Amino acid sequence: MDTKKNITDKQLALDKRYIRMAQIWAENSYCQRRKVGALIVKDKMIISDGYNGTPAGFENCCEDENGHTYPFVLHAEANAITKVARSNNSSDGATLYVTSSPCIECSKLIIQAGISRVVFSEYYRLQDGIELLQKAGIQVDFIDPQADESIK
């Protein structure tokens, strides 16, 4: 899957910086199996953030005794999108930086939120979310924040 775009060195440096910030934000997650962080950036300003976890008011426990994730756990993208929806900001035309490529459900939210670009640093086990985003005309880029190479 080729997601290479014509991106300047300055934009690539910013992308790597925001992805590293999303990775740090993921550390806030109480989930044991997988910690994911997300930032929504518009006009070089972070307008929202999120990490995977339970809804407000729930105990901060994401997995059952068998290590299975509870169905009510929110993904980082969903947390960031719903947080921006409660603010005075608009995600229309924004970029979402997320540490793991979005699942199909989060991709639907991304499309509906008007986000125009998604940058991620790790592939999720399924690619259907990426395919849906691309079908919707959303630019999707994989970036390894540690690599010295360009966008893949």
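Which side chain does Arg34 meet in a salt bridge? The partner is Glu122, with 2.7 Å from N to O. A salt bridge here is a side-chain nitrogen of Lys or Arg within 4 Å of a carboxyl oxygen of Asp or Glu. The pair links distant parts of the chain, 88 residues apart. Arg34 sits in the loop between helix H1 (9-26) and strand S1 (37-42). Glu122 sits in the loop between strand S4 (117-120) and helix H4 (128-135). Helices (H or I, at least four residues) and strands (E, at least two) are DSSP runs, numbered from the N terminus.

The model is predicted: local features need pLDDT of at least 70, side-chain atom pairs count only at pLDDT 80 or more, and totals for chains, interfaces and linings use all residues. Residues are numbered from 1 along each chain as its sequence is written, and side-chain values use heavy atoms, without hydrogens and water.

The whole structure holds 5 salt bridges. One of them joins Glu105 and Lys108, with the closest N and O atoms 3.1 Å apart. Both residues lie in helix H3 (residues 104-112), 3 residues apart, or about one turn of the helix. Glu105 is partly exposed at 46% relative accessibility. Lys108 is partly exposed too, at 39%. Buried means under 20% relative accessible area, exposed over 50%, and partly exposed in between (1.4 Å probe, protein chains only).

Arg117 forms a salt bridge with Asp141, at 3.0 Å between the closest N and O atoms. Arg117 lies in strand S4 and Asp141 in strand S5 (residues 139-142), so the pair ties together parts 24 residues apart in sequence. Both residues, Arg117 and Asp141, are buried. Salt bridges also link Asp15, Arg117 and Asp141 in a network.
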